[in-house]
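These are my notebook entries on a two-chain model. I record what I looked up, entry by entry.

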Amino acid sequence: MDLLPQLLIAGVVIGSVYALAALGFVLIYKSSRVINFAHGQIIATGAFIAFALTQKGVNFWLAGLIAMLATFLLGMLIERVFLRRMVGEPIIAVIMVTIGLSSVIDGLIHLTPYGAGTFGFERPALLTGQGIELFGLPLSKTQIAGVLMALGLLGGFTYFFNKSTLGITMRAVADDQMAAMSVGTSVERVFALAWAAAGLTAAAAGVILGLMSGLTLGGLAGIGLKVFPVVILGGLDSVVGAIVGGMLIGILENLSAGYLDGIVPGGGTREVFPFIILIIVLLIRPYGLFGTKEIERV
Amino acid sequence: MKKTLILSALVSLSFAAAQKTVTLPWSGAITGPTSDAGASYAAGVEDYCKYANSQKMLPGITLNCVIRDDQYNNANTQRNFEDFVANLNAPVFLGYATGGALQLKSVIQETKIPTLTASYHIGIIDAPDNTYTFLPVSSYSENIVALLEYVAKKERGAKVALVVNPSPFGRDPVVDARKAAERLGLKITDVQEVGGNNLDNTALLKRLEAQGAKYIINQNTAGPVANILKDAKRLGLLGKMQFMGAHYTGGEDLTKLAGDAAKDFIWATSYYLYDEATQPGIILAKKIGAQFKRAADTIRSVHYTSGMMASAIAIEAMKRAGANPDAAGVYKGLISMNGSRAFNPGFAVGPVTFSARDHIGAESLRLLQADATGNFKAITGAQRSAMFQLVHPMK
């Protein structure tokens with residue numbers, strides 16, 4: 001079977017996980033214009049909560065749901081305790097708060113038995129056994145579940161932002177906080193909800209990543225930054241952008257690994273090539289593929 | 001009564017005054033990249049050091065066991081090293097990362113502080129600036145060359161691919177592996193770099209399959225290797241390709257991450273494993289782990305044993321340095337470990353032997369293979385790689 005379709009499929013699979021991991025960035029930025037550099041640590045928190053629960057005998061799927069609920073609440077708590085006080089402060093100060101938070105959460109995870117070490121989920125029965133084959137490329141059930149969960153959540157949030165009143169309210173707040181407040185919108189509530197939703201998606205991403213590649217704090221927290229190009233490429237405030245950006249980065253990684261690694265001594269082009277495309281795209285569309293072009297009228 | 005109290009106080013004071021404190025410092029990654037290995041390693045160093053105090057291994061000396069997290073950051077390692085030497089008067093340095101050790105080589109040479117690292121990069125003990133640097137066990141290069149010798153014995157002319165970490169740690173054995181493969185009549189089809197965040201290896205494995213590579217030798221940490229193994233299983237390549245790797249690729253970390261995809265993985269290491277319950281070193285490691293109430297996972301880790309090994313070597317060198325273990329004394333203590341005075345703490349498959357020219361401690365290694373339950377079983381006895389000594393003669 002041709003290599004190209006296989007690389008494209010593998011790229012879509014990994015890209016959908018990137019998209020899910022990137023979704024948290026988008027949800028927060030879309031409503032509050034804050035870039036959350038602690039997102040990787042929230043992904044790790046969710047994954048380790050789920051893992052800890054499975055170690056206590058809780059069913060894998062239930063553990064995943066509880067972890068999502070826990071990071072939903074964690075996101076809300078972070079917003080309430082730290083971010084709400086920063087409303088109206090310079091953006092660099094808010095970014096520094098999220099960088100500080102990443103260190104604090106990192107440190108807190110280190111106080112648990114999961115801070116250092118290597119862990120792996122025991123695969124639930126539903127995800128064991130033979131997967132399916134697409135264009136000659138075998139896909140494991142974990143990968144299929146990952147793609148379905150990612151696409152389900154991404155689809156759900158796209159619908160939420162476009163069709164639901166609350167979603168439209170969140171977009172309105174992102175667009176103009178003052179205007180939204182003047183029509184009676186609770187900006188605080190919207191911010192809290194955005195952080196909570198980002199927390200929820202973070203746990204989902206963490207559990208999928210944990211299933212696919214195991215659980216280490218460094219690996220899970222690192223994915224938070226690894227998907228940063230995804231949101232930049234897709235557009236920081238676009239859920240569709242996160243999906244397309246994730247897929248594109250996943251596909252570009254695989255294509256470069258498939259076709260360039262054999263030419264470049266040592267290979268490893270997958271780490272670089274997507275960034276070259278990212279730079280080119282940003283030179284043409286600085287706000288990303290689907291990001292909102294902001295026009296300031298003086 | 002009063003006289004007795006005064007007398008006993010004086011005796012205690014004089015005892016305390018006679019009791020010298022010497023620092024045994026370690027700097028490595030308890031947090032940050034590779035901390036999954038580093039945290040257990042640090043625990044091993046610390047526990048053995050405390051155990052030495054509890055056993056009064058060094059008469060008249062109390063060890064100040066200093067464990068510092070450098071977050072796998074070379075600048076932090078250097079700062080820690082300078083603090084240990086300048087302020088704590090440490091006569092020895094226990095390091096961790098390849099990058100930090102390579103960066104510190106000239107400083108170590110200048111300060112003459114004997115150094116043992118958790119990195120087994122051969123460049124750490126290669127000239128120049130190699131008088132005071134020591135590897136506790138065989139190098140990554142020797143691990144890889146031993147695996148190549150194993151392949152050559154099984155299948156002359158076999159096609160081999162190397163998959164390495166994109167760092168000095170990963171690239172270290174490539175030159176020696178190429179030389180050895182040529183002498184052994186093996187064909188290296190590809191050398192590819194795979195990092196820790198690589199979640200999909202379809203492209204890599206498809207290319208290696210197209211090249212006809214049958215033996216895939218990894219120089220990496222367990223995480224990336226586990227991802228490769230899981231992808232190889234998904235692609236139906238586990239039966240067609242034999243995956244192998246150097247010290248940091250294998251062990252419990254690999255089987256925890258890769259699950260049943262780790263089955264048949266061949267691992268080169270110099271250390272005994274937790275399940276080898278009759279080995280004196282393992283018995284001791286378990287006893288110390290229990291004494292200091294370490295988690296079961298920590299005690300099971302080969303990195304816990306490795307940390308103890310480094311600590312044990314440093315403490316033995318101090319012991320040989322006598323009542324006043326300064327850096328010069330520790331250095332002499334280290335290079336005295338040979339012949340009938342070789343040191344065997346029991347953690348590795350051979351005794352630790354150093355001399356002014358030989359800076360590799362336990363030179364022997366074994367190849368082990370993962371079984372269906374995820375346990376590694378030895379498939380060779382303790383051995384040295386004859387080919388390694390040909391392709392990389394120590395100067």
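I counted two residues as in contact if their C-beta atoms, placed from the backbone, lie within 7 Å. The model is predicted, and I took local features only at pLDDT of at least 70 and side-chain atom pairs only at pLDDT 80 or more, while totals for chains, interfaces and linings use all residues. Residues are numbered from 1 along each chain as its sequence is written, and chains are lettered from A and ligands numbered from 1 in the order in which they are written.

**Entry 1: the contact between the chains**

I then listed the elements, with helices (H or I, at least four residues) and strands (E, at least two) taken as DSSP runs numbered from the N terminus. For classes, I counted Ala, Val, Leu, Ile, Met, Phe, Trp, Tyr, Cys and Pro as nonpolar, Asp, Glu, Lys and Arg as charged, and the others, Gly among them, as polar.

**Entry 2: chain A overall**

I found 12 helices and two strands in chain A. Their order along the sequence is α-α-α-α-β-β-α-α-α-α-α-α-α-α. The radius of gyration, taken over C-alpha atoms, is 19 Å, close to the 19 Å that the globule rule gives for 298 residues, so chain A is as compact as a globular protein of that length. The globule rule is 2.2 Å times the number of residues to the power 0.38. I noted a C-alpha trace spanning about 60 × 50 × 35 Å along its principal axes. Of the contacts in chain A with a separation of 6 or more, 75% join residues 24 or more positions apart.

**Entry 3: a helix pair in chain A**

At what angle do H5 (residues 141-163) and H6 (residues 165-175) of chain A pack? I read about 75°, with the axes 5 Å apart. Axes are lines fitted to C-alpha atoms, for helices over the stretch in contact, and angles run from 0 to 180 degrees between N-to-C directions. H5(A) is therefore roughly perpendicular to H6(A), a label for angles of 65 to 115 degrees. A:Phe160, A:Phe161, A:Asn162 and A:Lys163 of H5(A) meet A:Gly167, A:Met170 and A:Arg171 of H6(A). This contact has three nonpolar, two polar and two charged residues.

**Entry 4: the domains of chain B**

With bounds from an automatic or database domain assignment, chain B divides into domain 1 (2-138 + 276-362) and domain 2 (141-269 + 365-391). Their C-alpha centres lie 30 Å apart. I found 17 residues of domain 1 in contact with 16 residues of domain 2.

**Entry 5: helix H14 of chain B**

I called a residue buried if 20 or more other C-beta atoms lie within 10 Å of its own, exposed if 12 or fewer, and partly exposed in between. In H14(B) (residues 327-335), B:Val330, B:Tyr331, B:Gly333, B:Leu334 and B:Ile335 are buried. The buried residues of H14(B) pack against strand E5 (133-137) and helix H13 (302-321) of chain B. B:Ala328 also lies in helix H14 of chain B, and B:Ala328 counts as partly exposed because it has 13 C-beta neighbours inside 10 Å.

Key. Parallel < 35°, antiparallel > 145°, perpendicular 65-115°, else oblique.
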